[in-house]
Amino acid sequence: LKILLNLFHLFDSKDSMEVKYFYKFHFHENKKLKIYGSHAANGIETAYKYRKGKITYGFDRAFEIESYSDSSLVLIELEKVGRREDFIKHYYLKEKVFLNRLEVGQNDWYVSGVDTVYFASKKLYPQFMTTRYPDFHLYVHNAVKKAYSNGPNYMLATFSIESSGDVKDIEIWHHTNAEADAGVVQAIQNSTGRWQMPLLNDKDVTVNMHIDDRYVKRDISQGLEIALNQNEVFENSADAYRNSVLRIARYFKLQDYESALEYIDICEQIAPEEPNLLYLKYKAYLAMNNEEESWEFLALIKGSRLSYLVD
């Protein structure tokens, strides 16, 4: 069972009510099983048992091996739903086979100076390699949370990692305050040399990553704890807002400012009073050489909590 596997395709039986799967398995020689919830995860290691064609781990979760080869694995899981028992099939491929089938589209890369930079994806995803903070989000969050303002905070930044592991081109696309911004930049810069970089067709590449953080900081003088509650930041539209800001950042990299403005408008429907959107509009119109529009938004930013960005 010494094999590294990635999810290629998932199929559930006709009677199955719920689909469950793991993106990647890694069986170690020391009888430890590493489980990956996504391509971005470093995995959680747990003990497992293998007997008579069946793998069990955790809280008696069991899989039967239907077929196994050097390139693929098919597992069958028995799932109890009420009084019924349903079988769920899981199809996996070796990581290299899986990644070779993924393509790089024309909007999956951009040119920065003389360098071609690829957006992070399942095909090209650097792994953050530390023992204390195996999760990069936690690494950055712990470095900046004290600088956040009381109430809801949302931060999103992008940065590029060269094949050497050096970090460059750090940009913040959603700001909180000047102190937090500086902390985010410093934390990302400190990750230099801590990345395991992927290859594209066996060649070194530069990859553009993103990191975001939603955090509600409560005033402890009022007897409330400092706590994370993502839904309070943009209520029930947090994921839609995040995905739109990510698209805005990508379109800026692709120099497609008209598309960026469309997604800024989407964000304004969710958070109409958000000054970060004024700043993004200012940057977009400035890049399009539309001085009249850019100056209009510059004046609005100077009267907002993000005035430090243009002072």
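Start by selecting Glu 162 and Lys 168: the two form a salt bridge, and their closest N and O atoms are 3.2 Å apart. (A salt bridge here is a side-chain nitrogen of Lys or Arg within 4 Å of a carboxyl oxygen of Asp or Glu.) Before you click on, note that this is a predicted model, where local features need pLDDT of at least 70, side-chain atom pairs count only at pLDDT 80 or more, and totals for chains, interfaces and linings use all residues. Residues are numbered from 1 along each chain as its sequence is written, and side-chain values use heavy atoms, with hydrogens and water left out.

(Strands, E, of at least two residues and helices, H or I, of at least four are DSSP runs, numbered from the N terminus.) Show all three side chains and you have a salt-bridge network of Asp 115, Glu 162 and Lys 168.

How exposed are Glu 162 and Lys 168? Glu 162 is partly exposed at 26% relative accessibility, and Lys 168 is partly exposed too, at 23%. (Buried means under 20% relative accessible area, exposed over 50%, and partly exposed in between, using a 1.4 Å probe and protein chains only.) A search of the whole structure turns up eleven salt bridges.

For another of them, jump to Asp 265 and Lys 281, whose side chains meet in a salt bridge at 3.4 Å, N to O. Asp 265 belongs to helix 5 (residues 257-270) and Lys 281 to helix 6 (residues 275-287), 16 residues apart.

Now show helix 5 and helix 6 as cartoons. They pack at about 165°, and their axes are 10 Å apart. (Axes are lines fitted to C-alpha atoms, for helices over the stretch in contact, and angles run from 0 to 180 degrees between N-to-C directions.) That angle makes helix 5 roughly antiparallel to helix 6. (Under 35 degrees is roughly parallel, over 145 roughly antiparallel, 65 to 115 roughly perpendicular, and the rest oblique.) Among the residues that meet here are Leu 261 and Ile 264 in helix 5, and Leu 277 and Leu 280 in helix 6.

Next, pick Glu 274, in the loop between helix 5 and helix 6. Glu 274 is buried at 12% relative accessible area. Its side chain joins that of Asn 276 through a polar contact of 2.8 Å. (A polar contact is a pair of N or O atoms within 3.5 Å; within protein, one must be able to donate a hydrogen and the other to accept it, and residues adjacent in sequence count only if both atoms are side-chain atoms.)

The contact (heavy atoms within 4.5 Å) includes Tyr 241, Val 245 and Ile 248 of helix 4, and Tyr 263, Ile 264 and Cys 267 of helix 5.

Last stop: Glu 95, in helix 1 (residues 95-101). Glu 95 is partly exposed at 24%. Its C-alpha atom is 8.2 Å from that of Lys 24, 71 residues apart along the chain.
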